[in-house]
Amino acid sequence: MDVIDLRSDTVTRPSPEMREVMARAEVGDDLMGEDPSVHALEEAAAARIGKEAALFVPSGTMANFVALLTHCGRGDEAVAGSESHILNHEGMGASVLGSIPVRAARNDDRGRMDPAEVRGLLRESWPRTAVVCLENTHNRCGGAALTASEMRAVADVAHERGVKVHVDGARIFNAAAALETEASALVAEADTVSFCFSKGLGAPVGSVITGPREFIERARQNRRLLGGSMRQSGIVASAALYALEHNVDRLVEDHANARRLGAAIAEMPHVRMDPAGVDTNIVFFTLEGVDGAEFRRRLAEEGVLCTGTSTQRVRMVCHVDVTAAQIEAAIPRIRAVLESLPAAS
Ligand SMILES: Cc1ncc(COP(=O)(O)O)c(C=O)c1O
């Protein structure tokens, strides 16, 4: 049976062309600053996002952690969205290991924060708020794309108080594609931005932190502190560069697949969802009257894999390794499982 893996856009495998580029990559010891493929990636990533410099790191989690460590001195705190990846899915590393308290500003169902609430959270001394973190697209809030003006409204409030702005842009190119704009325009007001190559862009490993050169040099020391300095990392950096050059424009295909999937699922029994809420490549829906764990188990038996943020809230993600034909094949399997499930007691 053709297994259709909609658990995440992180499950992709490098394409033959990407593997070819990796096999041919020129490499050196990056900790000694000698890996030409890492240099090429960092330059391209910084240019693409409109910042001065970039630092290649192993993961999005480390990118956010290094960014917060670099923004915050001892006794400083950060503000992040209540539904953010930083607060919910990164082990609270900034607080647990970095001694950085992270306070929550409420995210609405589209991942937005209320600028007035953010203003009220900022503290000028002891503890001093050093950075406000935004997330775009917003993972837990349905993959919603925040507009440039929504981002700017929060950034302005932070900057008025001399507080920096970091964007967790793990999927910033999905946001830009959905809004038909450039990623650099979306993050123009941000001081630092991280983004991932190993999600929608289809590379096996890696993220970058981008920002002012002086910040990136300090971030480089913090990456070393965390054991994130790599040696011949050009092997994976070359895949990331290939992803940046070849897999950004095609993100619209994932979005079209997600819209098609969302529209079909919204019509199915036991489903509560607004198909208009599918901005990018992530489809969320809530199950009513049937058991969500049982749904996922039975669907997996039918060869369609998905996850959820709670038992009843289901998440399906479209990506480079899922074709439009596979989405068409998944739809009747999802419907059949929903129709056959017993009513939950
Ligand atoms: C919004 C967001 N930020 C950060 C991360 C962390 O990335 P990684 O899994 O590479 O650590 C993720 C992962 O899904 C994410 O969705």
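## Ligand shell and overall fold

The largest share of the shell around the ligand, three residues, is supplied by helix H3, which runs over residues 60–71 (helices are DSSP runs of H or I with at least four residues, strands runs of E with at least two, both numbered from the N terminus). This is a predicted model, in which local features need pLDDT of at least 70 and side-chain atom pairs count only at pLDDT 80 or more, whereas totals for chains, interfaces and linings use all residues. Residues are numbered from 1 along each chain as its sequence is written, and side-chain values use heavy atoms, with hydrogens and water left out.

Among the residues around the ligand are Ser-59, Gly-60, Thr-61, Asn-64, His-85 and Glu-90, where a residue is included if one of its heavy atoms lies within 4 Å of the molecule.

| Side chain (N or O atom) | Ligand atom | Distance |
|---|---|---|
| Thr-61 | oxygen | 2.6 Å |
| Asp-168 | nitrogen | 2.6 Å |
| Lys-199 | oxygen | 2.8 Å |

Taken alone, the ligand exposes 390 Å², of which the protein buries 84% (accessible areas by the Shrake-Rupley method with a 1.4 Å probe).

The protein as a whole has 14 helices and 13 strands. Its radius of gyration, taken over C-alpha atoms, is 20 Å, close to the 20 Å that the globule rule gives for 345 residues, so the protein is as compact as a globular protein of that length; the rule is 2.2 Å times the number of residues to the power 0.38. Buried residues, those under 20% relative accessible area with a 1.4 Å probe and protein chains only, make up 54% of the 345 residues.

Technical notes
A polar contact is a pair of N or O atoms within 3.5 Å; within protein, one must be able to donate a hydrogen and the other to accept it, and residues adjacent in sequence count only if both atoms are side-chain atoms. Buried means under 20% relative accessible area, exposed over 50%, partly exposed in between (1.4 Å probe, protein chains only).
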